[in-house]
Amino acid sequence: FGSGTVHIRSVLNHGGACGNFLVSKPTTATVILPAAISAHLADVNGQPLAPVALAHEHDAAYAAGVAPKEKQIRVMAVYAEYTRDLTDDSRASFNSSASTFTVGPCTQSVGTCLLPRASMSGNGQIMFTF
C-alpha cells in the first residue's frame, strides 16, 4: 500500500454482431495517496482508547470482577476525508514500554488485544509504528 507507479495491461474481449475481437493495451497509472493527519489507538467501537485497567485471569482482581483479562484495540489512521482501521495491516508493529502487559491475539474475541502479565501491577505505554 502506498503511492507509486504501476504498469497495467488491460484486456477487452468483445463479441457480438461485429464478430469476436480482443483488444489489449498497456498503460501506466500513477497513484498518490494522502498522508495521514494523525493516528490513535481505539477501542473495538473505534472510539479513542482511554486508560485501561486489566487483570491476569489468575489474579484476584480478575476473579473479583474488578478488571477484565483483555482489552481489544484498534489502530485508526485519520485522513482529511476519512478514517481507516489499520489494525490488521501487516506493517503495523506494537511496542510496549511496560512489563505489565503484552499485545497479542485476543483470547475471548477475535482481534488484537492488550493482555496483562500475571502478578504484575503498574502502568505502561504502548506505541505503534508502520
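This is a predicted model: local features need pLDDT of at least 70, side-chain atom pairs count only at pLDDT 80 or more; totals for chains, interfaces and linings use all residues.

Reader: Start with the core. Which residues make up the largest nonpolar core?

Author: In soluble globular proteins, nonpolar side chains tend to be buried together. Here the largest nonpolar core has seven residues: Leu41, Ile73, Val75, Ala98, Phe101, Leu114 and Phe128. Take Leu41. Leaving aside neighbours within four places in sequence, its contacts include Ile73, Val75 and Phe128. Gln47, Pro48 and Arg74 are also among them.

Reader: Now the largest pocket. Which residues lie nearest its centre?

Author: Val52, Phe101, Gly122, Asn123 and Gly124. The lining has 22 residues in total. By class, 13 are nonpolar, seven polar and two charged. The space is about 510 Å³.

Reader: Next, Thr87. Is Thr87 buried or exposed?

Author: Buried means under 20% relative accessible area. Thr87 is at 5%, so it counts as buried. Thr87 sits in the loop between strand S5 (83-85) and strand S6 (93-96). Its side chain makes a polar contact of 2.7 Å with that of Asp85. Beyond four places in sequence, Thr87 touches Ile73, Arg74, Val75, Ala92 and Thr112.

Reader: And Thr107? Where does Thr107 lie?

Author: In the loop between strand S7 (101-105) and strand S8 (112-116). Exposed means over 50%. Thr107 has a relative accessible area of 57%, so it is exposed. Leaving aside neighbours within four places in sequence, Thr107 is in contact with Lys69 and Glu70.

Reader: How far apart are Thr107 and Glu70 in sequence and in space?

Author: They are 37 residues apart in sequence. C-alpha to C-alpha, they are 7.8 Å apart in space.

How values were computed:
Residues are numbered from 1 along each chain as its sequence is written. Side-chain values use heavy atoms; hydrogens and water are left out. On a 1 Å grid over the protein atoms alone, a cavity is a set of points where a 1.4 Å probe fits but cannot get out, and a pocket is an open set with protein on both sides within 12 Å along at least five of seven lines; lining residues have an atom within 4 Å of a point. Grid points are joined across faces, edges and corners, and a volume is the space filled by probe spheres set on the points. Ala, Val, Leu, Ile, Met, Phe, Trp, Tyr, Cys and Pro count as nonpolar, Asp, Glu, Lys and Arg as charged, and the others, Gly among them, as polar. A nonpolar core is a set of buried Ala, Val, Leu, Ile, Met, Phe, Trp, Tyr and Cys residues joined through side-chain atoms within 4.5 Å. Buried means under 20% relative accessible area, exposed over 50%, partly exposed in between (1.4 Å probe, protein chains only). Contact means heavy atoms within 4.5 Å. Helices (H or I, at least four residues) and strands (E, at least two) are DSSP runs, numbered from the N terminus. A polar contact is a pair of N or O atoms within 3.5 Å; within protein, one must be able to donate a hydrogen and the other to accept it, and residues adjacent in sequence count only if both atoms are side-chain atoms.
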